Amino acid sequence: MRTPVTPHETIGADELAGIVELACRAPSLHNSQPWKWSVENGNLLLTADHSRVAHHTDVTGQEVLLSCGAVLDHLQVAAAAAGWRTSVTRYPDTHDRDRLASIGFQKAESVDEHDRALGDAITRRRTDRLAFAAPEPWDALEKLLREVLEGTVADLDVIDENGRPALAAASRRSEDHRGGDASYRYELLWWAGHSHVDDGLPQTALPSSTEARRVDVARDFPVYGTGDRRANIDRDHSKVLVLSTYDDSRENTVRCGEALSRVLLECTAAGFATCTLTHMIEVHDSREMVRRITGRHSEPQVLVRVGRAPETSDPTDLTPRRPIRESLQGL
Ligand SMILES: Cc1cc2nc3c(=O)[nH]c(=O)nc-3n(C[C@H](O)[C@H](O)[C@H](O)COP(=O)(O)O)c2cc1C
């Protein structure tokens with residue numbers, strides 16, 4: 001069904017702020033939200049915010065770019081759902097490599113159902129760190145994801161039960177490597193479970209030790225409480241997606257973040273639960289192990305667990321975001 005919308009010349013400040021606010025529901029490493037927005041000559045500018053980097057986790061800065069790619073795609077989805085077509089110019093300022101995109105807005109003639117469904121998925125998507133039931137029916141979802149990624153920079157591989165022991169070994173390797181890294185552990189503790197209200201990971205987003213034991217490929221977060229949520233799922237039955245790119249260039253990494261966002265939103269819209277994973281990518285040895293599992297030469301960038309989990313409508317289950325006035329200037 002297509003709903004006609006009234007044509008306007010330019011986007012209003014309030015509507016633009018609303019679209020940016022929705023886009024900022026995008027995932028980011030440790031909910032660091034490493035982006036800044038500004039408005040110049042009627043265009044919205046997206047800039048990477050290097051003051052918000054988890055340096056001991058994201059040593060290369062790749063995850064800032066993945067996160068910024070995710071927010072850029074969320075922005076386009078949020079705009080489309082509100083009836084605006086976007087035109088994106090990448091690296092609009094050759095002297096400023098952190099200025100990632102300039103985005104123009106034109107009123108769309110209509111909003112289709114898929115635009116609306118993806119926009120709605122932004123409000124429901126969340127990173128779920130508990131065990132999942134198997135992602136059934138799988139074939140239709142895999143076909144959809146392959147179509148969505150067609151023509152993007154991201155190659156898709158799916159790790160199923162057969163590849164799971166090797167992936168669990170890669171996960172252990174990365175955690176063993178980090179075992180003696182006090183700076184990494186301290187940084188993780190700072191972001192995960194601290195009392196800030198609008199960034200980082202609240203304790204409710206983290207598994208207890210009983211819950212964590214059921215997921216053999218997860219990052220080792222600090223554990224809180226004695227909860228036993230989803231006790232009926234004996235262990236994680238997810239399939240794991242790997243997105244890889246030809247190289248680690250800034251441009252491909254941002255675009256891979258955009259692809260990650262689209263994968264997460266399509267999965268959410270289709271009723272699947274997701275959890276983004278990068279700890280295995282952050283450590284050389286475990287990244288090589290993931291690469292070997294995919295059988296590709298290209299660079300693995302990010303993994304996503306996909307499965308079935310009960311949908312929750314409790315808004316307190318959503319991880320909070322910074323107020324929009326902190327990241328948006330010039331409106
Ligand atoms: C680049 C990137 C890396 C991430 N790495 C992990 C990870 O290794 N483990 C994990 O549980 N979540 C990971 N996440 C998910 C974030 O922690 C999550 O998006 C953030 O806390 C906001 O919560 P939300 O996704 O529920 O809105 C990652 C997200 C991004 C974009």
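So, leaving aside its neighbours within four places in sequence, which residues is Gln301 in contact with? Before I answer, keep in mind that this is a predicted model. Okay, the contacts of Gln301 are Gln62, Leu66, Leu243, Ser244, Thr245, Asp247, Asp248, Thr253, Cys256, Thr278, Ile281 and Arg287. Gln301 itself sits in strand S10, which runs over residues 299-307. Its relative accessibility is 2%, and buried means under 20%, so Gln301 counts as buried. From that list, let me pick out Thr245: the side chains of Gln301 and Thr245 make a polar contact at 2.8 Å. For a sense of scale, take Arg97, which is 204 residues from Gln301 in sequence and 20 Å from it in space, going C-alpha to C-alpha.

Now let's back up along the chain to Arg296. Arg296 is in the loop between H10 and S10. Buried or exposed? With 29% relative accessibility, Arg296 comes out as partly exposed. Not counting residues up to four places away in sequence, Arg296 touches Asp155, Leu156, Asp157 and Arg291. With Asp157 there's a side-chain to side-chain polar contact of 2.6 Å. And Pro137, if you want a distance, is 159 residues from Arg296 in sequence and 27 Å away between C-alpha atoms.

Arg291 belongs to helix H10, residues 284-294. At 15% relative accessibility it falls under the 20% cut-off, so Arg291 counts as buried. The side chain of Arg291 has a polar contact of 2.8 Å with the side chain of Glu288. Setting aside residues up to four places away in sequence, Arg291 touches Arg296, His297, Ser298, Glu299 and Pro300.

On to the other end of the chain. Helix H1 covers residues 13-23, and its buried residues are Leu16, Ala17, Ile19, Val20 and Ala23. Looking down the axis of H1, those buried residues fall within an arc of 160 degrees, so they line one face of the helix. As a reminder, an α-helix has 3.6 residues a turn, so residues three or four places apart point the same way.

Neighbours within four places aside, Gln33 is in contact with Ser28, Arg52, Asp198, Asp199, Pro320, Arg321 and Arg322.

How many residues surround the ligand? There are 23, and the closest are Arg125, Thr127, Arg129, Thr278 and Arg321.

A ligand oxygen is 2.9 Å from a side-chain N or O atom of Arg125. Another pair puts a ligand oxygen 3.5 Å from a polar backbone atom of Asn31. And a ligand nitrogen has a backbone N or O atom of Thr276 at 3.1 Å. On its own the ligand has 620 Å² of accessible area, and the protein covers 99% of that. The elements giving two or more residues to the shell are helix H2 (62-81) and strand S9 (273-277).

That's my bit, over to you.

Definitions and conventions. Residues numbered from 1 in each chain as written. Predicted model: local features only at pLDDT ≥ 70, side-chain atom pairs only at ≥ 80, totals over all residues. Heavy atoms only, no water. Buried < 20%, exposed > 50% of the residue type's maximum accessible area, 1.4 Å probe, protein only. Helix = DSSP H or I, 4+ residues; strand = E, 2+ residues; numbered from the N terminus. Arc of directions from axis to C-beta. Near = heavy atom within 4 Å. Polar contact = N/O pair within 3.5 Å; in protein donor to acceptor, adjacent residues only side chain to side chain. Areas by Shrake-Rupley, 256 points an atom, 1.4 Å probe, with all protein chains shown as cover. Contact = heavy atoms within 4.5 Å.
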